[in-house]
Amino acid sequence: MKSKHIIYTGLALMGMGAMVSCKKSFLELQPKGQFLESNYYANPDEAFAAVIAAYDPLVTETGGIDNTYSDPLGALNSASDDCFAGGGSASDVTPWQVINNYTLTPAQGPQNQFWAINFQGVNRTDVLLENLPKVPGLSADLLKRYTAEGQFLRAHYYFDLVRLFKNVPLILNSLNLTNVYDQVQATPEAVYTQIENDLKAAIPGLPATVPTSDGGRVTQGAAKALLGKVYLYEKKWADAATMLKDVNTNYGYKLLTNYGAIFSPTNKFNSESIFELVHSGSQSYTWSNWNQFKSNIYTQMIGPRSYTGPIYYSGGYGFNPVTTQLATALKGDPRYGYTVVNIDSLTKATKTSYSPSYQNTGYFIQKYAPVLANKVTTGTTDLNWPNDYIEIRLADTYLMEAEAELNGGGDQGRAQTLLDAVRARVGLASKPATLQNIYDERRLELATEGHRWFDLVRWGQAPSVLAFKNFKAGVNEILPIPLNETLNGTKLKQNPGY
């Protein structure tokens, strides 16, 4: 019997899944049931709802092939030298444990979430782009914008897929049960070309800015930033530098004076935010809402267990303890206290306590921590944290542009200015704009934000830096294709080494 999860893109009611409606801000989502694609797109309101549904996998906190908890930060931080997996034991959230110690197999690992959720996004955008031109009454301006959003989102989903798996099918039309098993893997080059084409097509149709009420919707700056990042991964240095310079100079983004304010739930869509994934704390979720969560459950996951002090929520799960390597690298840096909290020292100083988690180091993530001041009063506390995740922010694009300038033999003075700006924002003196100094700055500036593992892989440093976690060169730079996707008549081939 063929698994219902095979090629996830072709299923789930033609890829549309849960229907959602707008509430308070663009991506504060309220699940409203399901519908068939053939019965939808009858008017502009339904077209708008389909756009929201295409964004929805970006903030999926549960699901995937195995229907488990699936926030990507947990797996990416576990894979890096920023954090360990942690949690209650060596078997707590197994996908994070096996990527932490590089014992991944096609049957076990976070690939079950990354593959299914991103391909769900691909299929929703394919369906969206096919149907938007046929919506009665949809104005030309809205058609242009919604199409551009769909193109950006498809590029975003595919960029994650090609970075994580390298060898993926390139699906640009909605699938059905007659062709879903016929999909073959494209070359990575073909996937990158499609990502570039989608982003280039999207940029003219996107607004330069959006109001706070639309926070989380794509702008021109976000699309150009993603395109610049794509060029960086392709080592198209001049193209990356040009695109990122445009983002860094022409869209009014500004570094915040207070580094810690970047991550505050009370400071969403701040001047440094280029592309922000929105999480709501106001939807009163309980455990009966599994597969509907749009709050930031990662905040709950990384809190200290059984903490008795006045600062953090007492019911944290103890995941992703910060490595002593990262804590040591940050010591003396002004960003330390906004990135890492030493719970051992804190509880000793305040005569409070906590229960050490598996792989405990005493250091915990501060950027997304379950701070009591952010606790909401409705629903189950564990499931209703309001912290957003800024996936692309200005300091990131500054450092990417500086890296591209140096690699491409471009404007070294410009690279120096960008590196100096990131450091000066936190009161640090200038350092020479060398590639290694930019690499080091990225680690300290963006620690625990999900970039580190990708950076180490693309720089070719993962085998040496992650040797203490048993990283295997030539294998662990990408994830295995989920086991179910290579069985039962599909044409997909497993990645080498798995």
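The second largest pocket holds about 430 Å³ of space. Its volume is the space filled by probe spheres set on grid points, joined across faces, edges and corners. A pocket here is an open set of points on a 1 Å grid over the protein atoms alone, where a 1.4 Å probe fits, with protein on both sides within 12 Å along at least five of seven lines. This is a predicted model: local features need pLDDT of at least 70, side-chain atom pairs count only at pLDDT 80 or more, and totals for chains, interfaces and linings use all residues. Residues are numbered from 1 along each chain as its sequence is written, and side-chain values use heavy atoms, without hydrogens and water.

- Lining residues have an atom within 4 Å of a point.
- Helices α5, α6 (188-202) and α16 (452-459) each supply at least two lining residues. Helices are DSSP runs (H or I, at least four residues), numbered from the N terminus.
- α16 gives the most, with four residues.
- By class, the lining has ten nonpolar, two polar and five charged residues. Ala, Val, Leu, Ile, Met, Phe, Trp, Tyr, Cys and Pro count as nonpolar, Asp, Glu, Lys and Arg as charged, and the others, Gly among them, as polar.

**α7 and its partners**
- The axes of α5 (residues 140-165) and α7 (residues 220-233) come within 11 Å and cross at roughly 25°. Axes are lines fitted to C-alpha atoms over the stretch in contact, and angles run from 0 to 180 degrees between N-to-C directions.
- α5 and α7 are therefore roughly parallel (angles under 35 degrees).
- F152, H156, F159 and R163 of α5 meet A222, A223, L226, K229, V230 and Y233 of α7. Contact means heavy atoms within 4.5 Å.
- Seven nonpolar, one polar and two charged residues make up the contact of α5 with α7.
- The axes of α6 and α7 come within 10 Å and cross at roughly 160°.
- α6 and α7 are therefore roughly antiparallel (angles over 145 degrees).
- On α6, the contact uses Y192, I195, E196, L199 and K200; on α7, it uses A223, L226, L227, V230, Y231 and Y233.
- The contact of α6 with α7 has nine nonpolar, no polar and two charged residues.

**α8 against α13**
- Helix α8 (residues 237-250) packs on helix α13 (residues 394-407) at an angle of about 145°, with axes 8 Å apart.
- Residues in this contact include W237 and L244 of α8, and Y398 and M400 of α13.

Conventions: Angles under 35 degrees count as roughly parallel, over 145 as roughly antiparallel, 65 to 115 as roughly perpendicular and the rest as oblique.
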